[in-house]
Amino acid sequence: MDLCPQQPAPLFTFGAIADIQYADIDDGFNFSRTTKRYYRSSLQLLRNALESWSRSAVRPDFILQLGDVIDGFNKPSGASQRALDAVVREFASCPVKVHHVWGNHEFYNFSRRQLMGSPLDSSLYADRRPKQGDIYAYKFSPFPGFVFVVLDAYDVSLLGIPESSERYNKAMNLIKLHNDKEDLNCPPELPCHSRFTMFNGGFSQEQLDWLDSVLSVADEKQEKVILVSHIPVHPGSTDYVCLAWNHEDLLAVTRSHSCVVCYMAGHAHSGGYCLDTGVHHLTLDGVIETRPDSDAYATVSVYPDRMELTGSGRVMDRVFLFS
């Protein structure tokens, strides 16, 4: 009897989840009131993902949490720490490392100084990080020949920093060049400028230079690099309103190196994907806008020539071939 050849084992596997935005409040809607948000049940969907990964025959080597782990609605009611504690307890049940990305909702609840050294600061797993200031960026290598780089998409922003600081004033001057609205969370009318809102941010030149140096080393070593951040940087992977302020600068860096194979983000809850010059740009669907009877997480198996993403619930399966 002929036997089907066995699928070779992956080099390593990781899980990914985005935009949990937990809050112990009743369901609501997004800002345009077009999509329902399930604040309380998002914690159960996180639990579903963690239990699935723990039961899996091939357990993930680590988890990527792509930002917005609790919702900004916690802040006005003084529930920020309580909500974070609830989410951290769930992640504590996971037997593998969790790499946390910081999104806008982290900064709605906590200052940048408060996040440094908090349970959401996973830079202790870093092989290397920028020397400048408090940029939350670092690299790690889960397997020889593969490098992950966590990037800080709010390094330049109005969030999480004192309004009296020079850094805040510089970010305000930048956003005001493109957005003249009284409420800076309202996007400008011009689609090409709609990303200049308070809920987005950008990458400083210091961080871009650091990334360029990391990628140069990876080029020399012929390593494959996966970039991870909260905000998408390619217009083909999201709506313009959800792009990083200076997404073109980040793309210019990635396009100048042959090592980058993927950029993973959250932020845009409906997800998205595109392929650009050999780089797969994935925006993972958000938990917060996922029905309680569904799921939204991914398990990614990495092989020498590809990554295979197995989606759960509203996250679709994908194969990312390495060029």
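These legends describe close-up views of one predicted model.

The model is predicted: local features need pLDDT of at least 70, side-chain atom pairs count only at pLDDT 80 or more, and totals for chains, interfaces and linings use all residues. Residues are numbered from 1 along each chain as its sequence is written, and side-chain values use heavy atoms, without hydrogens and water.

**View 1. Strand β1 is enclosed.** Strand β1 covers residues 12–17. Strands (E, at least two residues) are DSSP runs, numbered from the N terminus. Six of its six residues are buried, so β1 is largely enclosed by the rest of the structure. Buried means under 20% relative accessible area, exposed over 50%, and partly exposed in between (1.4 Å probe, protein chains only). Phe-12, Phe-14 and Ala-16 point one way from β1, while Thr-13, Gly-15 and Ile-17 point the other way.

View 2. Two strands pair if DSSP finds at least two bridges between them. β1 and β12 (residues 296–303) pair in the antiparallel sense over five bridges. Here Gly-15 stands opposite Thr-299. β1 and β4 (residues 62–65) pair in the parallel sense over four bridges. Here Phe-14 has Phe-62 as its bridge partner.

**View 3. Arg-306 sits over a ring.** The charged end of Arg-306 lies over the ring of Tyr-303, 4.0 Å from its centre. A charge sits over a ring if NZ of Lys or CZ of Arg is within 6 Å of the ring centre and within 35 degrees of the ring normal.
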